[in-house]
Structures are given as C-alpha cells and as structure tokens.
Amino acid sequence: MRQDYVFSLLTGYIDPPAGVEIRDGMNYNPFFPGGAISMARVLFDGLVEYDDGQFMSEDILPFHQPTFRHTCHHIANGQGCHDILELGR
C-alpha cells in the first residue's frame, strides 16, 4: 500500500458534498473507494505530545504510522517491532 494513499485516507475526512448521503455509522472520505467508510477519523491535532511539551500536528502523524509498519515489515536481521520501540527509549 502506498504511503500517499495512507496519508490521504487518514487525513481526508470531510463533510459529504451536497447531494451525497452517508448512512448512519459511516463517514465521508473522498480518498476511499465510493467515499463512504466505516472507520472514524482517528487523527487530530494534539494527540501526541513530545517530552518538550510540543504537540504533533495532524498532518505529520500519518507519516509515522506507515513508515513504522514498513520498517517492521522489512527488518532483515530478525528483530521485531518491539525491539525497534525499545531502541527509541
């Protein structure tokens, strides 16, 4: 899956255009095929706070998730994601 699609999907939630009806429990995201997606918006400004008190913005968060997943998937030396998380501590 391409990272630009993941970014667009995670940040593309908007109100549906005039004339487009979305069923209860669905959300509108023009980057999802058909526009109606059951996954709710999950990224908001201020979700992640750094040690220095600054917050990560919504437009930066999606870059971290797919990059992390890609790195975990392609580790050549057998380390798992848990080991990568430990390296960052």
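Which residues form a nonpolar patch on the surface? Some notes on that and a few other spots follow.

1. The patch first. Phe44, Leu47 and Val48 make it up, and together they have about 240 Å² of accessible area. Keep in mind that this is a predicted model.

2. On the overall layout, the protein chain has 3 helices and 2 strands, and going along the sequence you get α-β-β-α-α. The chain has 89 residues, and 19% of them count as buried. If you look at contacts with a separation of 6 or more, 26% of them are between residues 24 or more positions apart.

3. Val48 counts as partly exposed because its relative accessible area is 32%, which falls between the 20% and 50% cut-offs.

4. Gly46 is in the loop between β2 and α2 too. At 33% relative accessibility, Gly46 is partly exposed. Setting aside neighbours within four places in sequence, Gly46 is in contact with Phe55 and Met56. There is also a C-alpha separation of 6.2 Å between Gly46 and Ser57, which are 11 residues apart along the chain.

5. Asn29 is the residue I'd look at on the buried side. You'll find Asn29 in the loop between β1 (27-28) and β2, and its relative accessibility is 0%, so Asn29 counts as buried. Leaving out residues up to four places away in sequence, Asn29 touches Ser8, Leu9, Gly12, Tyr13, Gly35 and Ile37.

6. What does the side chain of Asn29 do with its polar atoms? One polar atom of that side chain lies 2.7 Å from the backbone oxygen of Leu9. On the Phe31 side, the backbone nitrogen is 3.0 Å from a polar atom of the Asn29 side chain.

7. Ser8 ties in with this. Ser8 belongs to helix α1 (residues 3-11), and its contacts, not counting residues up to four places away in sequence, are Asn29 and Phe31. Is Ser8 buried or exposed? Buried: its relative accessible area is 18%, and the cut-off is under 20%, so Ser8 makes it into that class.

Conventions. Residues numbered from 1 in each chain as written. Predicted model: local features only at pLDDT ≥ 70, side-chain atom pairs only at ≥ 80, totals over all residues. Heavy atoms only, no water. Helix = DSSP H or I, 4+ residues; strand = E, 2+ residues; numbered from the N terminus. Buried < 20%, exposed > 50% of the residue type's maximum accessible area, 1.4 Å probe, protein only. Contact = heavy atoms within 4.5 Å. Patch = residues over 30% accessible without salt bridge, like charges linked within 9 Å, V, L, I, M, F, W, Y side chains within 5 Å. Areas by Shrake-Rupley, 256 points an atom, 1.4 Å probe, with all protein chains shown as cover. Salt bridge = Lys/Arg side-chain N within 4 Å of Asp/Glu carboxyl O. Polar contact = N/O pair within 3.5 Å; in protein donor to acceptor, adjacent residues only side chain to side chain.
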